[in-house]
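Reader: Could you walk me through this model and tell me what stands behind each label?

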Amino acid sequence: MAPRPAVAARSAAGVLEGRRHRRLGSGTPETPAEGRPGGASGHDGGVKVLLRNPRREVHVDGPISVVALLRRLDLNRESVLVIRGDELVPGDAQLEDADEVEIRPVISGGAVGTGAGR
Amino acid sequence: MIDVRRHNANFCAEHFLRLCRDQTARAIRDFDMIAPDERVLVAVSGGKDSLALWDLLVELGYAVDGLYLGLGIGEYSDASGDHARAFAHGRGLHLVEVDLRDEYGYDIPSGARAARRAPCSACGLSKRHLFDRAAIDGGYDVVATGHNLDDEAAVLFGNVLHWHTEYLARQLPVLAARDGFPRKVKPLVRLGEREMAAYCVLRGIDYQVDECPMADGNRHLAYKESLNEVERRSPGAKHDFYFGFLDRASARFRDGIVEEQAALGRCTRCGAPTPTEVCAFCRLVERAAGAQPVELGPGRGGRPGRRPRVGS
(Lines give C-alpha, C1' and ligand atoms only; values in the text may rest on other atoms or scores of the structure.)
Protein backbone atom coordinates (compact mmCIF):
# COMPACT_ATOMS: atom_id res chain seq x y z
CA MET A 1 0.00 0.00 0.00
CA ALA A 2 1.23 3.35 -0.60
CA PRO A 3 1.93 4.99 2.53
CA ARG A 4 1.59 8.56 1.51
CA PRO A 5 1.20 9.04 5.22
CA ALA A 6 4.65 7.54 5.59
CA VAL A 7 6.09 9.67 2.83
CA ALA A 8 4.41 12.73 4.20
CA ALA A 9 5.56 12.01 7.70
CA ARG A 10 9.06 11.63 6.47
CA SER A 11 8.90 15.11 5.07
CA ALA A 12 7.80 16.45 8.41
CA ALA A 13 9.88 14.32 10.69
CA GLY A 14 12.89 13.55 8.59
CA VAL A 15 13.69 10.26 6.96
CA LEU A 16 12.93 7.59 9.49
CA GLU A 17 13.33 3.85 9.42
CA GLY A 18 11.86 1.46 11.91
CA ARG A 19 10.96 2.61 15.38
CA ARG A 20 12.31 6.11 15.89
CA HIS A 21 11.31 9.13 17.87
CA ARG A 22 11.18 12.73 16.76
CA ARG A 23 9.72 15.77 18.39
CA LEU A 24 7.73 18.28 16.34
CA GLY A 25 7.38 21.59 18.07
CA SER A 26 5.55 24.65 16.88
CA GLY A 27 8.73 25.74 15.18
CA THR A 28 8.66 22.87 12.74
CA PRO A 29 9.66 24.62 9.55
CA GLU A 30 7.32 22.75 7.20
CA THR A 31 4.15 24.04 8.79
CA PRO A 32 2.80 27.11 10.52
CA ALA A 33 3.06 27.15 14.28
CA GLU A 34 0.22 25.41 16.07
CA GLY A 35 -0.37 24.85 19.73
CA ARG A 36 1.69 26.25 22.51
CA PRO A 37 4.27 28.89 21.66
CA GLY A 38 7.81 27.86 22.22
CA GLY A 39 7.51 24.35 20.86
CA ALA A 40 9.29 21.66 22.81
CA SER A 41 8.36 21.45 26.43
CA GLY A 42 11.07 19.01 27.50
CA HIS A 43 12.22 15.49 26.76
CA ASP A 44 9.29 13.28 25.65
CA GLY A 45 6.32 15.49 26.51
CA GLY A 46 3.55 16.55 24.15
CA VAL A 47 1.06 14.44 22.27
CA LYS A 48 2.59 11.07 21.51
CA VAL A 49 1.73 10.04 17.96
CA LEU A 50 2.24 6.54 16.59
CA LEU A 51 2.57 6.39 12.83
CA ARG A 52 2.54 3.28 10.65
CA ASN A 53 4.22 1.98 7.54
CA PRO A 54 6.88 2.25 8.74
CA ARG A 55 6.02 2.20 12.44
CA ARG A 56 7.48 5.18 14.31
CA GLU A 57 6.63 7.77 16.93
CA VAL A 58 6.63 11.53 16.92
CA HIS A 59 5.76 13.99 19.66
CA VAL A 60 3.77 17.12 18.95
CA ASP A 61 3.04 20.02 21.28
CA GLY A 62 -0.50 20.08 22.61
CA PRO A 63 -3.16 21.22 22.83
CA ILE A 64 -3.81 20.71 19.15
CA SER A 65 -6.84 19.73 17.14
CA VAL A 66 -6.82 16.51 15.14
CA VAL A 67 -7.24 18.50 11.93
CA ALA A 68 -4.23 20.67 12.81
CA LEU A 69 -2.17 17.63 13.76
CA LEU A 70 -2.87 15.97 10.42
CA ARG A 71 -2.11 19.20 8.60
CA ARG A 72 1.17 19.50 10.45
CA LEU A 73 2.10 15.94 9.45
CA ASP A 74 0.93 16.66 5.90
CA LEU A 75 -1.62 13.84 6.05
CA ASN A 76 -4.95 13.72 4.26
CA ARG A 77 -7.90 13.19 6.62
CA GLU A 78 -9.50 10.91 4.05
CA SER A 79 -6.56 8.52 4.18
CA VAL A 80 -6.20 7.93 7.92
CA LEU A 81 -8.01 7.20 11.15
CA VAL A 82 -6.95 8.78 14.41
CA ILE A 83 -7.35 6.35 17.30
CA ARG A 84 -6.99 7.04 21.02
CA GLY A 85 -7.12 3.82 23.05
CA ASP A 86 -9.97 1.91 21.47
CA GLU A 87 -11.83 5.06 20.40
CA LEU A 88 -11.90 6.93 17.13
CA VAL A 89 -11.12 10.62 17.39
CA PRO A 90 -12.98 13.01 15.03
CA GLY A 91 -11.29 15.89 13.28
CA ASP A 92 -12.57 18.63 15.56
CA ALA A 93 -11.39 16.91 18.77
CA GLN A 94 -8.65 18.55 20.80
CA LEU A 95 -5.56 16.56 21.82
CA GLU A 96 -3.71 17.39 25.04
CA ASP A 97 -0.09 16.89 25.98
CA ALA A 98 -0.73 13.64 27.83
CA ASP A 99 -2.63 12.05 24.95
CA GLU A 100 -1.32 9.12 22.97
CA VAL A 101 -2.87 8.57 19.56
CA GLU A 102 -2.30 6.27 16.62
CA ILE A 103 -2.63 7.61 13.12
CA ARG A 104 -3.56 4.56 11.11
CA PRO A 105 -3.43 4.64 7.31
CA VAL A 106 -6.53 3.14 5.74
CA ILE A 107 -5.46 2.87 2.13
CA SER A 108 -4.73 -0.67 1.13
CA GLY A 109 -4.55 -2.41 -2.15
CA GLY A 110 -2.43 -4.16 -4.61
CA ALA A 111 -4.17 -6.86 -6.57
CA VAL A 112 -7.45 -5.04 -7.06
CA GLY A 113 -7.09 -5.68 -10.77
CA THR A 114 -9.02 -3.88 -13.41
CA GLY A 115 -12.39 -4.36 -11.83
CA ALA A 116 -13.28 -6.87 -14.50
CA GLY A 117 -13.02 -9.63 -11.96
CA ARG A 118 -12.40 -12.46 -14.37
CA MET B 1 -17.37 9.17 17.34
CA ILE B 2 -16.33 9.26 13.68
CA ASP B 3 -16.62 12.08 11.20
CA VAL B 4 -17.78 11.07 7.72
CA ARG B 5 -17.44 14.17 5.63
CA ARG B 6 -19.33 12.91 2.59
CA HIS B 7 -22.35 12.50 4.84
CA ASN B 8 -21.53 15.84 6.48
CA ALA B 9 -22.01 14.23 9.87
CA ASN B 10 -20.36 12.82 12.97
CA PHE B 11 -21.64 9.39 13.99
CA CYS B 12 -21.59 7.73 17.38
CA ALA B 13 -20.41 4.11 17.36
CA GLU B 14 -23.91 2.63 17.44
CA HIS B 15 -25.21 4.70 14.55
CA PHE B 16 -22.04 4.31 12.51
CA LEU B 17 -22.25 0.51 12.76
CA ARG B 18 -25.89 0.72 11.74
CA LEU B 19 -24.91 2.89 8.78
CA CYS B 20 -22.42 0.23 7.64
CA ARG B 21 -25.00 -2.55 7.93
CA ASP B 22 -27.63 -0.49 6.12
CA GLN B 23 -25.31 0.48 3.29
CA THR B 24 -24.22 -3.15 2.83
CA ALA B 25 -27.83 -4.36 2.86
CA ARG B 26 -28.78 -1.66 0.37
CA ALA B 27 -25.99 -2.63 -2.04
CA ILE B 28 -27.03 -6.28 -1.83
CA ARG B 29 -30.65 -5.35 -2.46
CA ASP B 30 -30.10 -2.75 -5.18
CA PHE B 31 -27.87 -5.01 -7.27
CA ASP B 32 -29.54 -8.37 -6.48
CA MET B 33 -26.30 -9.71 -5.08
CA ILE B 34 -27.34 -12.48 -2.69
CA ALA B 35 -30.63 -14.25 -2.07
CA PRO B 36 -31.44 -15.01 1.59
CA ASP B 37 -30.92 -18.78 1.36
CA GLU B 38 -27.75 -18.76 -0.72
CA ARG B 39 -24.35 -20.01 0.45
CA VAL B 40 -21.66 -17.35 0.32
CA LEU B 41 -17.89 -17.73 0.15
CA VAL B 42 -16.01 -14.62 1.26
CA ALA B 43 -12.52 -14.06 -0.07
CA VAL B 44 -10.58 -13.35 3.11
CA SER B 45 -7.17 -11.69 3.19
CA GLY B 46 -6.92 -10.86 6.88
CA GLY B 47 -7.23 -7.17 6.05
CA LYS B 48 -9.94 -4.76 7.15
CA ASP B 49 -12.25 -5.02 4.15
CA SER B 50 -12.60 -8.78 3.93
CA LEU B 51 -12.97 -9.27 7.68
CA ALA B 52 -15.48 -6.42 7.93
CA LEU B 53 -17.40 -7.91 5.00
CA TRP B 54 -17.50 -11.34 6.62
CA ASP B 55 -18.69 -9.78 9.87
CA LEU B 56 -21.35 -7.68 8.13
CA LEU B 57 -22.73 -10.57 6.10
CA VAL B 58 -22.99 -12.73 9.21
CA GLU B 59 -24.69 -9.83 11.00
CA LEU B 60 -27.15 -9.58 8.11
CA GLY B 61 -28.00 -13.25 8.51
CA TYR B 62 -26.24 -14.87 5.55
CA ALA B 63 -24.60 -18.30 5.62
CA VAL B 64 -20.97 -17.39 4.97
CA ASP B 65 -17.70 -19.30 4.94
CA GLY B 66 -14.29 -17.73 4.34
CA LEU B 67 -11.48 -18.69 1.99
CA TYR B 68 -7.93 -17.63 2.78
CA LEU B 69 -5.10 -18.04 0.27
CA GLY B 70 -1.59 -18.41 1.67
CA LEU B 71 0.34 -16.20 -0.73
CA GLY B 72 3.78 -16.82 0.78
CA ILE B 73 4.71 -13.14 1.12
CA GLY B 74 6.98 -13.63 4.12
CA GLU B 75 5.96 -12.31 7.52
CA TYR B 76 3.17 -10.30 5.94
CA SER B 77 1.34 -13.46 4.87
CA ASP B 78 2.08 -15.17 8.17
CA ALA B 79 0.46 -12.32 10.08
CA SER B 80 -2.44 -12.02 7.61
CA GLY B 81 -3.25 -15.70 8.00
CA ASP B 82 -3.15 -15.35 11.78
CA HIS B 83 -5.68 -12.49 11.63
CA ALA B 84 -8.02 -14.48 9.39
CA ARG B 85 -7.80 -17.58 11.59
CA ALA B 86 -8.29 -15.61 14.80
CA PHE B 87 -11.36 -13.89 13.38
CA ALA B 88 -12.93 -17.16 12.25
CA HIS B 89 -12.03 -19.03 15.43
CA GLY B 90 -13.32 -16.25 17.69
CA ARG B 91 -16.71 -16.28 15.98
CA GLY B 92 -17.05 -19.98 15.31
CA LEU B 93 -16.93 -19.47 11.54
CA HIS B 94 -15.55 -21.86 8.93
CA LEU B 95 -12.36 -20.79 7.17
CA VAL B 96 -11.11 -22.76 4.16
CA GLU B 97 -7.38 -22.40 3.54
CA VAL B 98 -5.35 -22.93 0.38
CA ASP B 99 -1.58 -22.51 0.44
CA LEU B 100 0.00 -21.66 -2.90
CA ARG B 101 3.40 -23.10 -2.04
CA ASP B 102 2.05 -26.35 -0.59
CA GLU B 103 -0.59 -26.98 -3.21
CA TYR B 104 0.74 -25.37 -6.36
CA GLY B 105 4.49 -25.21 -5.79
CA TYR B 106 4.97 -21.45 -5.85
CA ASP B 107 4.41 -18.32 -3.84
CA ILE B 108 3.70 -14.82 -5.08
CA PRO B 109 7.25 -13.40 -4.87
CA SER B 110 8.88 -16.35 -6.64
CA GLY B 111 5.96 -16.99 -9.00
CA ALA B 112 5.81 -13.38 -10.13
CA ARG B 113 9.50 -13.35 -10.77
CA ALA B 114 9.55 -16.64 -12.65
CA ALA B 115 6.56 -15.64 -14.77
CA ARG B 116 7.88 -12.11 -15.25
CA ARG B 117 4.65 -10.66 -13.97
CA ALA B 118 4.20 -7.78 -11.55
CA PRO B 119 3.54 -9.26 -8.08
CA CYS B 120 0.05 -7.71 -7.94
CA SER B 121 -0.74 -9.23 -11.32
CA ALA B 122 0.33 -12.73 -10.29
CA CYS B 123 -1.53 -12.30 -7.01
CA GLY B 124 -4.75 -11.16 -8.66
CA LEU B 125 -4.62 -13.95 -11.24
CA SER B 126 -4.06 -16.58 -8.53
CA LYS B 127 -6.87 -15.22 -6.38
CA ARG B 128 -9.42 -15.05 -9.17
CA HIS B 129 -8.71 -18.55 -10.38
CA LEU B 130 -8.62 -20.20 -6.95
CA PHE B 131 -11.65 -18.35 -5.56
CA ASP B 132 -13.64 -19.43 -8.64
CA ARG B 133 -12.51 -23.00 -8.28
CA ALA B 134 -13.14 -23.16 -4.52
CA ALA B 135 -16.63 -21.73 -4.94
CA ILE B 136 -17.60 -24.18 -7.66
CA ASP B 137 -16.00 -27.19 -5.98
CA GLY B 138 -17.54 -26.24 -2.64
CA GLY B 139 -21.03 -25.73 -4.03
CA TYR B 140 -21.23 -22.06 -3.07
CA ASP B 141 -23.73 -19.86 -4.86
CA VAL B 142 -21.70 -16.70 -4.76
CA VAL B 143 -18.20 -15.34 -4.06
CA ALA B 144 -18.16 -12.06 -2.12
CA THR B 145 -15.11 -9.83 -2.17
CA GLY B 146 -14.26 -6.85 0.02
CA HIS B 147 -13.85 -4.30 -2.77
CA ASN B 148 -15.01 -0.99 -1.33
CA LEU B 149 -15.94 2.35 -2.86
CA ASP B 150 -12.32 3.51 -2.89
CA ASP B 151 -11.20 0.35 -4.68
CA GLU B 152 -13.88 0.69 -7.32
CA ALA B 153 -13.37 4.42 -7.81
CA ALA B 154 -9.60 3.91 -8.19
CA VAL B 155 -10.05 1.10 -10.70
CA LEU B 156 -12.58 3.18 -12.60
CA PHE B 157 -10.17 6.11 -12.60
CA GLY B 158 -7.44 3.91 -14.09
CA ASN B 159 -9.74 2.37 -16.67
CA VAL B 160 -10.98 5.79 -17.77
CA LEU B 161 -7.52 7.29 -17.73
CA HIS B 162 -6.35 4.68 -20.23
CA TRP B 163 -9.75 4.08 -21.88
CA HIS B 164 -9.77 0.37 -21.20
CA THR B 165 -13.27 0.04 -22.61
CA GLU B 166 -13.30 -3.75 -22.31
CA TYR B 167 -12.68 -3.41 -18.58
CA LEU B 168 -15.19 -0.59 -18.22
CA ALA B 169 -17.79 -2.93 -19.73
CA ARG B 170 -17.32 -5.39 -16.90
CA GLN B 171 -16.66 -3.08 -13.95
CA LEU B 172 -19.85 -3.92 -12.12
CA PRO B 173 -20.74 -4.66 -8.50
CA VAL B 174 -22.15 -8.03 -9.62
CA LEU B 175 -20.82 -10.43 -12.21
CA ALA B 176 -23.42 -13.06 -13.04
CA ALA B 177 -22.60 -16.75 -12.80
CA ARG B 178 -21.97 -18.57 -16.05
CA ASP B 179 -20.46 -21.82 -17.07
CA GLY B 180 -17.24 -22.24 -15.08
CA PHE B 181 -17.59 -18.99 -13.17
CA PRO B 182 -19.49 -18.42 -9.92
CA ARG B 183 -21.44 -15.21 -9.35
CA LYS B 184 -19.19 -12.54 -7.85
CA VAL B 185 -20.43 -9.68 -5.74
CA LYS B 186 -18.97 -6.60 -4.03
CA PRO B 187 -21.31 -5.71 -1.15
CA LEU B 188 -19.05 -2.92 0.20
CA VAL B 189 -19.26 -0.63 -2.82
CA ARG B 190 -21.34 1.89 -0.88
CA LEU B 191 -18.73 2.17 1.90
CA GLY B 192 -15.35 3.88 1.78
CA GLU B 193 -12.00 2.52 2.85
CA ARG B 194 -11.82 4.77 5.89
CA GLU B 195 -15.27 3.62 6.94
CA MET B 196 -14.25 -0.03 6.75
CA ALA B 197 -11.20 0.59 8.93
CA ALA B 198 -13.41 2.45 11.41
CA TYR B 199 -15.91 -0.41 11.37
CA CYS B 200 -13.17 -2.86 12.33
CA VAL B 201 -11.92 -0.64 15.16
CA LEU B 202 -15.42 -0.22 16.57
CA ARG B 203 -16.24 -3.92 16.21
CA GLY B 204 -12.96 -4.98 17.82
CA ILE B 205 -11.81 -6.76 14.66
CA ASP B 206 -8.04 -7.23 14.77
CA TYR B 207 -6.93 -6.96 11.17
CA GLN B 208 -3.68 -6.77 9.23
CA VAL B 209 -2.82 -3.07 9.33
CA ASP B 210 0.56 -3.28 7.65
CA GLU B 211 0.66 -2.87 3.95
CA CYS B 212 1.61 -5.64 1.57
CA PRO B 213 5.34 -5.24 0.81
CA MET B 214 4.68 -6.28 -2.78
CA ALA B 215 2.20 -3.44 -3.40
CA ASP B 216 4.67 -0.60 -2.99
CA GLY B 217 4.42 1.50 -6.13
CA ASN B 218 1.16 -0.11 -7.27
CA ARG B 219 -0.57 2.31 -9.60
CA HIS B 220 -4.00 1.86 -8.04
CA LEU B 221 -2.64 3.12 -4.76
CA ALA B 222 -1.51 6.26 -6.51
CA TYR B 223 -5.00 6.61 -8.00
CA LYS B 224 -6.51 6.25 -4.54
CA GLU B 225 -4.32 9.00 -3.18
CA SER B 226 -5.19 11.26 -6.06
CA LEU B 227 -8.90 10.65 -5.54
CA ASN B 228 -8.56 11.23 -1.81
CA GLU B 229 -7.07 14.62 -2.55
CA VAL B 230 -10.14 15.38 -4.66
CA GLU B 231 -12.37 13.98 -1.91
CA ARG B 232 -10.68 16.19 0.67
CA ARG B 233 -11.66 19.25 -1.31
CA SER B 234 -15.00 17.90 -2.48
CA PRO B 235 -16.53 15.34 -0.07
CA GLY B 236 -18.69 12.83 -1.91
CA ALA B 237 -16.70 13.06 -5.16
CA LYS B 238 -15.69 9.38 -5.16
CA HIS B 239 -19.27 8.27 -4.62
CA ASP B 240 -20.53 10.51 -7.41
CA PHE B 241 -17.77 9.33 -9.75
CA TYR B 242 -18.45 5.62 -9.26
CA PHE B 243 -22.23 5.62 -8.98
CA GLY B 244 -22.54 8.17 -11.75
CA PHE B 245 -20.61 5.75 -13.95
CA LEU B 246 -22.92 2.86 -13.01
CA ASP B 247 -26.05 4.94 -13.55
CA ARG B 248 -25.17 6.86 -16.66
CA ALA B 249 -22.21 5.34 -18.50
CA SER B 250 -21.65 1.67 -17.71
CA ALA B 251 -24.24 0.26 -20.14
CA ARG B 252 -22.65 2.09 -23.06
CA PHE B 253 -19.54 -0.13 -22.82
CA ARG B 254 -21.23 -3.53 -22.67
CA ASP B 255 -21.59 -4.34 -26.35
CA GLY B 256 -18.37 -6.32 -26.53
CA ILE B 257 -19.04 -8.65 -23.63
CA VAL B 258 -21.29 -11.21 -25.34
CA GLU B 259 -18.86 -11.64 -28.20
CA GLU B 260 -15.97 -12.19 -25.81
CA GLN B 261 -17.86 -14.70 -23.68
CA ALA B 262 -18.81 -16.74 -26.70
CA ALA B 263 -15.15 -17.12 -27.54
CA LEU B 264 -14.22 -18.84 -24.27
CA GLY B 265 -13.20 -22.48 -24.39
CA ARG B 266 -11.84 -24.80 -21.71
CA CYS B 267 -8.31 -25.02 -20.38
CA THR B 268 -6.88 -28.34 -21.50
CA ARG B 269 -5.23 -28.80 -18.09
CA CYS B 270 -7.67 -27.63 -15.45
CA GLY B 271 -10.92 -27.15 -17.35
CA ALA B 272 -11.33 -23.49 -16.40
CA PRO B 273 -12.93 -21.14 -18.95
CA THR B 274 -10.25 -19.51 -21.06
CA PRO B 275 -9.81 -17.93 -24.49
CA THR B 276 -6.54 -19.86 -24.95
CA GLU B 277 -5.65 -23.55 -24.97
CA VAL B 278 -4.04 -23.36 -21.52
CA CYS B 279 -5.40 -20.84 -19.02
CA ALA B 280 -3.26 -18.05 -17.57
CA PHE B 281 -3.22 -19.66 -14.13
CA CYS B 282 -1.89 -22.97 -15.43
CA ARG B 283 0.75 -21.11 -17.41
CA LEU B 284 1.75 -19.24 -14.25
CA VAL B 285 2.01 -22.50 -12.29
CA GLU B 286 4.08 -24.04 -15.06
CA ARG B 287 6.50 -21.14 -15.27
CA ALA B 288 6.79 -20.89 -11.49
CA ALA B 289 7.37 -24.62 -11.03
CA GLY B 290 10.63 -25.22 -9.24
CA ALA B 291 11.36 -21.53 -8.81
CA GLN B 292 13.55 -20.85 -5.83
CA PRO B 293 11.81 -18.92 -3.05
CA VAL B 294 12.54 -15.22 -3.24
CA GLU B 295 13.87 -13.86 -0.02
CA LEU B 296 12.11 -10.70 1.07
CA GLY B 297 14.20 -7.87 2.38
CA PRO B 298 14.08 -6.66 5.97
CA GLY B 299 11.32 -4.47 7.31
CA ARG B 300 8.76 -3.79 4.63
CA GLY B 301 10.23 -6.35 2.27
CA GLY B 302 11.32 -5.86 -1.27
CA ARG B 303 9.96 -5.95 -4.77
CA PRO B 304 11.34 -9.04 -6.40
CA GLY B 305 10.95 -7.49 -9.80
CA ARG B 306 13.44 -4.81 -8.87
CA ARG B 307 15.95 -6.13 -6.42
CA PRO B 308 15.42 -9.84 -5.99
CA ARG B 309 17.60 -11.81 -3.69
CA VAL B 310 17.28 -15.46 -4.49
CA GLY B 311 17.65 -17.87 -1.62
CA SER B 312 20.29 -20.55 -1.88
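Author: Gladly; what follows is a set of questions about labels, each answered from its definition.

Author: This is a predicted model, in which local features need pLDDT of at least 70 and side-chain atom pairs count only at pLDDT 80 or more, while totals for chains, interfaces and linings use all residues. Residues are numbered from 1 along each chain as its sequence is written, chains are lettered from A and ligands numbered from 1 in the order in which they are written, and side-chain values use heavy atoms, with hydrogens and water left out.

Reader: What makes strand E4 and E5 of chain B a pair?

Author: Strands (E, at least two residues) and helices (H or I, at least four) are DSSP runs, numbered from the N terminus. Two strands pair if DSSP finds at least two bridges between them. E4(B), residues 63-70, and E5(B) have five bridges in the parallel sense, so they count as a pair by that rule. One of the bridges links B:Leu69 with B:Val98 in E5(B).

Reader: Why are E5 and E7 of chain B said to stand at the edges?

Author: The open sheet has six strands in the order E5-E4-E3-E6-E8-E7 (chain B), with mixed pairing. E5(B), residues 95-99, and E7(B), residues 174-175, each have a single partner strand, so one side of each is left without a neighbour in the sheet.

Reader: Which strands does helix H3 of chain B lie across, and at what angle does it run to E4(B)?

Author: H3(B), residues 74-91, lies across E3, E4 and E5 of chain B and runs at about 165 degrees to E4(B). Contact means heavy atoms within 4.5 Å. The axes are lines fitted to C-alpha atoms, for helices over the stretch in contact, and angles run from 0 to 180 degrees between N-to-C directions. Helix H6(B), residues 119-137, lies across E3, E4, E6 and E8 of chain B, at about 140 degrees to E4(B).

Reader: Why is strand E5 of chain A called largely enclosed?

Author: Buried means under 20% relative accessible area, exposed over 50%, and partly exposed in between (1.4 Å probe, protein chains only). Four of the five residues of E5(A), residues 80-84, are buried, so the strand is largely enclosed by the rest of the structure. E5(A) is joined to E8(A) by four antiparallel bridges, with A:Val80 partnered by A:Pro105.

Reader: What lines the second largest cavity?

Author: A cavity is a set of points on a 1 Å grid over the protein atoms alone where a 1.4 Å probe fits but cannot get out, and lining residues have an atom within 4 Å of a point. The second largest cavity is lined by 13 residues, with A:Glu78, B:Arg6, B:Glu195, B:Glu231 and B:Lys238 nearest its centre. Asp, Glu, Lys and Arg count as charged, Ala, Val, Leu, Ile, Met, Phe, Trp, Tyr, Cys and Pro as nonpolar, and the others, Gly among them, as polar. The lining divides into 10 charged, two nonpolar and one polar.

Note on methods
On a 1 Å grid over the protein atoms alone, a cavity is a set of points where a 1.4 Å probe fits but cannot get out, and a pocket is an open set with protein on both sides within 12 Å along at least five of seven lines; lining residues have an atom within 4 Å of a point.
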